[in-house]
Amino acid sequence: MAEDIKVIVFKLGSEEYGIEVEKVQTIERMMPITRVPKTYSFIKGVINLRGVVIPVIDLRGRFGIEEADHTDQTRIIIVNVNAMEVGFIVDSANDVIDLNRDSIDTPPEVVGGIRAKYLDGVAKIGEERLLIMLNLNEVLNKGEIVQLESLEG
């Protein structure tokens, strides 16, 4: 019998994505981001969160989705990837759900233009809803992690 996992649901455009709760440190409102020169365009800079310097990535830019203006709903999801804290800018994060691992299917090769390597799978929720599960280790590849580590205080 497959286990249930808790998943944070967030949106980029009209698509819903999920990250396992155990990988999420905190969800913050948008805050001032200090730009860092000579980084990938989707790395927006760093934030100072309670005395910790955390690199911030715009997931829209990371996935090649057209960037959008930030709103009152925009959030920064702080995750822990390979023992490093990183912030992801998302359009909104407003749901925590229980998901059975059996409901997560292998992702098709391309989902909404995002290459499948960034995905852990696609979960069916009810009849109409699909949730795209992120593979955090791939969202940040090794070269980018080296660059991000140099940003951390």
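**Overall make-up**

In the protein chain, 56% of the contacts with a separation of 6 or more are between residues 24 or more positions apart, a contact being heavy atoms within 4.5 Å. This is a predicted model, in which local features need pLDDT of at least 70 and side-chain atom pairs count only at pLDDT 80 or more, while totals for chains, interfaces and linings use all residues. Residues are numbered from 1 along each chain as its sequence is written, and side-chain values use heavy atoms, with hydrogens and water left out.

The secondary structure of the protein chain comes to 3 helices and 13 strands. Both are DSSP runs numbered from the N terminus, helices being H or I of at least four residues and strands E of at least two.

Of the 153 residues in the protein chain, 47% are buried. Buried stands for under 20% relative accessible area, exposed for over 50%, and partly exposed for what is in between, with a 1.4 Å probe and protein chains only. The chain exposes about 8300 Å², and carbon and sulfur atoms supply 47% of that area. Accessible areas come from the Shrake-Rupley method with a 1.4 Å probe, and for residues only the protein chains shown count as cover.

**Salt bridges**

Next, the charged pairs. Side chains of opposite charge can pair when their charged atoms come close. How many salt bridges does a search of the whole structure find? The count is 10, where a salt bridge is a side-chain nitrogen of Lys or Arg within 4 Å of a carboxyl oxygen of Asp or Glu.

Take Lys-6 and Asp-98, whose closest N and O atoms are 2.9 Å apart in a salt bridge. That pair links distant parts of the chain, with Lys-6 in strand β1 (residues 4–12) and Asp-98 in strand β8 (residues 92–100), 92 residues apart. Lys-6 is partly exposed, at a relative accessible area of 46%.

Another salt bridge joins the side chains of Asp-105 and Lys-124, at 2.3 Å from N to O. Here too distant parts of the chain are linked: Asp-105 is in strand β9 (residues 104–105) and Lys-124 in strand β12 (residues 119–125), 19 residues apart. Asp-105 counts as partly exposed at 33% relative accessibility, and Lys-124 counts as partly exposed at 47%.

Glu-20 and Lys-23 also meet through their side chains, in a salt bridge of 3.9 Å, N to O. Is Glu-20 buried or exposed? Glu-20 is buried, with a relative accessible area of 10%, whereas Lys-23 is partly exposed at 29%.

**The cavity**

A cavity here is a set of points, on a 1 Å grid over the protein atoms alone, where a 1.4 Å probe fits but cannot get out, and lining residues have an atom within 4 Å of a point. Grid points are joined across faces, edges and corners, and a volume is the space filled by probe spheres set on the points. The count comes to 1 cavity of 30 Å³ or more, and the largest cavity has a volume of about 60 Å³.

Which residues line the largest cavity? They are Leu-12, Asp-58, Arg-60, Ala-68, Asp-69, His-70, Thr-74, Ile-89, Val-90 and Asp-91. By class, the lining has 4 nonpolar, 2 polar and 4 charged residues. In this scheme Ala, Val, Leu, Ile, Met, Phe, Trp, Tyr, Cys and Pro are nonpolar, Asp, Glu, Lys and Arg are charged, and the others, Gly among them, are polar.

**Single residues**

Last, a few positions to look at on the screen. Most residues other than glycine have a negative phi. Lys-38, not a glycine, has a positive phi of about 60 degrees. Lys-38 is found in the loop between β3 and β4 (43–49) and is exposed, with a relative accessible area of 82%. Arg-50 has a positive phi too, near 50 degrees. Its loop is the one between β4 and β5 (52–58), and Arg-50 is exposed at 64%.

Glu-22 lies in the loop between β2 (15–20) and β3 (24–29) and is exposed, at 65% relative accessible area. Between Glu-22 and Val-7, 15 residues apart in sequence, the C-alpha to C-alpha distance is 8.4 Å.

Asn-94 belongs to strand β8 and is exposed, with a relative accessible area of 54%.

Notes: On a 1 Å grid over the protein atoms alone, a cavity is a set of points where a 1.4 Å probe fits but cannot get out, and a pocket is an open set with protein on both sides within 12 Å along at least five of seven lines; lining residues have an atom within 4 Å of a point.
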